[in-house]
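Subject: Structure handover, salt bridges

Hello,

Here is the structure you asked for, with notes on its charged side-chain pairs below.

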Amino acid sequence: MTEVRNNWTKEEIAEIYNTPLLDLIYQAATIHRENKDYAEVQISSLISIKTGGCPEDCAYCPQAARYNTGVNVHAILPKEEVVAAAEKAKAGGASRLCMGAAWREVRDNKDFDKVIDMVKAVNELDMEVCCTLGMLTESQAQRLADAGLYAYNHNLDTSEEDYKRIISTRTYDERLQTLHNVRKAKISVCSGGIIGLGETVEDRISMLKTLSNLPQHPESVPINALVPVKGTPLADQAKVSVWDMVRMVATARIVMPKTVVRLSAGRTEMTTVEQAFCFMAGANSIFAGDKLLTTPNPSFDTDMAMFEILGLKPREAFKNGRPKALQQEVVAE
């Protein structure tokens, strides 16, 4: 079996990334097939529980209050609406629901209390629950863990060197601190990035180095292709090549062999054949449903048809075990 390492150098990752494409796909596919469940793909659904009005200046994001992108701002959704969305996602084949809020950081207020209630309610549907709410303190991460949160998403977006070009309203170190707080609370970590921001290949390699050299690899690494949105500073960025996506997926698979590599934003622009290359290169998770927060996404039916063609099957919830708090509840029953 491939060794799990946390001491990759930029030179080693660059050599992998720049391998001739078919050789790279073969190497990644070989590592992927060391896992007997390589044909399993986790289906996750993403719902925006609080949309727009964010005070940050992420150059790619249509939810930033300072950009005029046509996004309708709405306050936090009622729990019943979130549970209904979770039930619909589960019926469509999803085993994980991710709830996103357009916040810079979590605040200890009534809205956070509502999120805690949502986490508990979706847990009762026997789905993995993920949140992406911005920066978290240790105590907030622990509250989420106690409610049964399975995963927390907090992307690095790009390399540390390129970061200030994309975001000025929080630091790279603050992102890493949130990941540390999540890990300390024994919540699984979901963290990846976006390509097509105008970054260099070296930036992509540097980001993968940061992720793969964390004390413990993220359980989930989303690879996003920028979806340019009119009104944002990156509105005129050229579409990223699908082969760049394949290279990122394959390199992530090789340097983080046990991690779930998530094919995320940008799938609407990809054909079934292009997505097939990504699955072969090691992607084993997708977001399904009509929207990714505010951008379009393939429907469940479209994805199920693709799974049928490619011989893929949805991964069940809690394949890697349940959160500790939830385990205790199950034992008590």
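Which residue forms a salt bridge with R267? The partner is D303, and the closest N and O atoms are 2.8 Å apart. R267 sits in the loop between β8 (260-263) and α10 (272-280), while D303 belongs to helix α11 (residues 300-310), so this pair ties together parts that are 36 residues apart in sequence. R267 and D303 are both buried.

Please keep in mind that the model is predicted. Over the whole structure, the search finds 15 salt bridges; a few of them follow.

R96 and E128 form one of these, with 3.0 Å between the closest N and O atoms. This pair also links distant parts of the chain: R96 is in strand β2 (residues 96-101) and E128 in strand β3 (residues 128-132), 32 residues apart. Both R96 and E128 are buried.

The pair R165 and D162 has its side chains meeting in a salt bridge at 2.7 Å, N to O. Are its two residues buried or exposed? D162 has a relative accessible area of 7%, so D162 counts as buried, the limit being under 20%. R165 has a relative accessible area of 43%, which lies between 20% and 50%, so R165 is classed as partly exposed.

Finally, there is a network: salt bridges link R104, E105, R107 and E174.

Regards

Note on methods. Residues are numbered from 1 along each chain as its sequence is written. This is a predicted model: local features need pLDDT of at least 70, side-chain atom pairs count only at pLDDT 80 or more; totals for chains, interfaces and linings use all residues. Side-chain values use heavy atoms; hydrogens and water are left out. A salt bridge is a side-chain nitrogen of Lys or Arg within 4 Å of a carboxyl oxygen of Asp or Glu. Helices (H or I, at least four residues) and strands (E, at least two) are DSSP runs, numbered from the N terminus. Buried means under 20% relative accessible area, exposed over 50%, partly exposed in between (1.4 Å probe, protein chains only).
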